[in-house]
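Let us walk through a protein model step by step. Keep the structure in view as you read.

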Amino acid sequence: MDTLLITGGAGFIGANLVRLALEKVDDRVVILDRLTYAGCRESLADVVVDSRVDFVEGSIDDRELVERLFDRHQPRAVLNLAAETHVDRSIEDPRVFVETNVGGTFELLEAARRHLAAATADRRAAFRFLHVSTDEVFGSLGETGLFSEDTRYDPSSPYSASKAAADHLVRAYHRTYGMPTLITNCSNNYGPFQFPEKLIPLMILNAVEAKDLPIYGDGSNVRDWIFVGDHCSGLLEVLVRGRPGESYNIGGGGERTNLEIVSTLCTALQEQLPPSENPAMSARGLDSYTQLITFVEDRPGHDLRYAIDASKIRRDLGWEPQSGLAEGMTRTVLWYLENRSWCEGVQGGYDRPRLGLLSR
Ligand code: NAD
């Protein structure tokens, strides 16, 4: 049986991807995850009992460990999702972003290079290094236009700059060493298992507790939302059929302002947890979740708009997103309402503070 090495498998997208991979492919799955604040064993509780899964706690920038995993498992592919991912945290403390996102990706590439040097020609040709990246590497769009695979890199935050650097390294390993690499640049994901520092789970959990819903600036920043399951199906499509050396944009065509997203969540919550049945809302004397919306100081360097042209993956690989935004949001709200113990477990003592302000 062949092996996929999935890094960051205990994170948001990783936990969804591991599940889909186990369903769609026959391989064993080795998960390498450092279990930072964003990675959670609980997200994999029903997965690690599968005999095809091997969970390894450790860092992608641990050279010895990464080499050992390559030697032991001889993976046919690496899917690199491990990363520090929160823009606000990257503003506060960029160092770990460079260490993990750049340094860690470098160690994985080096281990793969060493592994391929000793592999048969067939194994070498079949190997894939799939690096999972973000549309944030392209910087900000104005009112119009879309990011294509040819858009110039122009990252704004330490997070997106570290992801851009990693993308460049991956591309260089293809051009220089002929490594069969693939890069995906995806837009904002939403869905189950996302750490509640990111917009959607943060807003849902704050609303449930009748806390303010803090919207950065005037709420007009636009993101192109995609249901995490659609991103994961795109990743497997790229893994199987993507052309080595290429990059693929993945997006759901779900452009919305942050204010629109929060309003949609409020509408879904209004139905699924009516304020009259939510003691926290009653205690504040509120009958609509929209009453919790507040506008707060904007994020430094906040990109105005992201929007993806996903025509290449649609045309070349036949991938299509399956979830509409309204339905996906409703499903997501329901998941957080039904998985309160996961939410409490992953948060530990974290109480969703504002991060990434220079003025503090
Ligand atoms: P996440 O923050 O939820 O999870 C990241 C995971 O990586 C965690 O489990 C964490 O423990 C692990 N990790 C962090 N540092 C590590 C290290 N040094 N070694 C091993 N594991 C480490 O992130 P996510 O939202 O699931 O994102 C996964 C990947 O997808 C990232 O590379 C991110 O840049 C990319 N991406 C995310 C989005 C999005 O909207 N969430 C969009 C496009 C691309």
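Begin with isoleucine 6. Setting aside neighbours within four places in sequence, isoleucine 6 is in contact with Leu17, Val18, Ala21, Val29, Val30, Ile31, Leu32, Leu79 and Leu81. Contact here means heavy atoms within 4.5 Å.

Before going further, note the ground rules. This is a predicted model: local features need pLDDT of at least 70, side-chain atom pairs count only at pLDDT 80 or more, and totals for chains, interfaces and linings use all residues. Residues are numbered from 1 along each chain as its sequence is written, and side-chain values use heavy atoms, with hydrogens and water left out.

Isoleucine 6 belongs to a core. A nonpolar core is a set of buried Ala, Val, Leu, Ile, Met, Phe, Trp, Tyr and Cys residues joined through side-chain atoms within 4.5 Å. Buried means under 20% relative accessible area, exposed over 50%, and partly exposed in between (1.4 Å probe, protein chains only). The largest nonpolar core has 76 residues, and Ile6 and Leu79 touch the most other members. Helix H1 gives this core its largest share, eight residues. A second, separate core has 22 residues, including Leu5, Phe127, Val170 and Met179.

Now look at H1 itself. Helices (H or I, at least four residues) and strands (E, at least two) are DSSP runs, numbered from the N terminus. H1 covers residues 12–24, and its end C-alpha atoms are 19 Å apart, which agrees with the 18 Å that its 13 residues should span at 1.5 Å a residue. The expected span is 1.5 Å times one less than the number of residues. Ten of the 13 residues are buried, so H1 is largely enclosed by the rest of the structure. Among those buried are Phe12, Gly14, Asn16 and Leu20. What covers them includes strands S1 (3–7), S2 (28–33) and S3 (53–57), as well as helix H8 (228–241).

How does H9 lie against its surroundings? In H9, the buried residues are Asn258, Ile261, Val262, Leu265, Cys266, Ala268 and Leu269. Seen down the axis, they fall within an arc of 165 degrees, so they line one face of H9. The arc is that of the directions from the helix axis to the C-beta atoms. An α-helix has 3.6 residues a turn, so residues three or four places apart point the same way. The cover over this buried set includes helix H7 (199–208), strand S8 (213–216) and helix H12 (325–338).

H12 also holds alanine 326. At 52% relative accessibility, alanine 326 counts as exposed. Its C-alpha atom is separated by 7.5 Å from that of threonine 264, 62 residues apart along the chain.

Turn next to the rings. The whole structure has 14 aromatic pairs. Rings of Phe, Tyr and Trp (its six-membered ring) pair if their centres lie within 6.5 Å; planes under 30 degrees apart count as stacked, over 60 as edge-to-face and the rest as tilted. Tyrosine 190 and phenylalanine 227 are edge-to-face, 5.5 Å centre to centre with 65 degrees between the planes. Tyrosine 190 lies in strand S7 and phenylalanine 227 in strand S10, so the pair ties together parts 37 residues apart in sequence. Both residues are buried.

Finally, find arginine 354. Its charged end sits over the ring of tyrosine 216, 3.8 Å from the centre. That label requires NZ of Lys or CZ of Arg within 6 Å of the ring centre and within 35 degrees of the ring normal.
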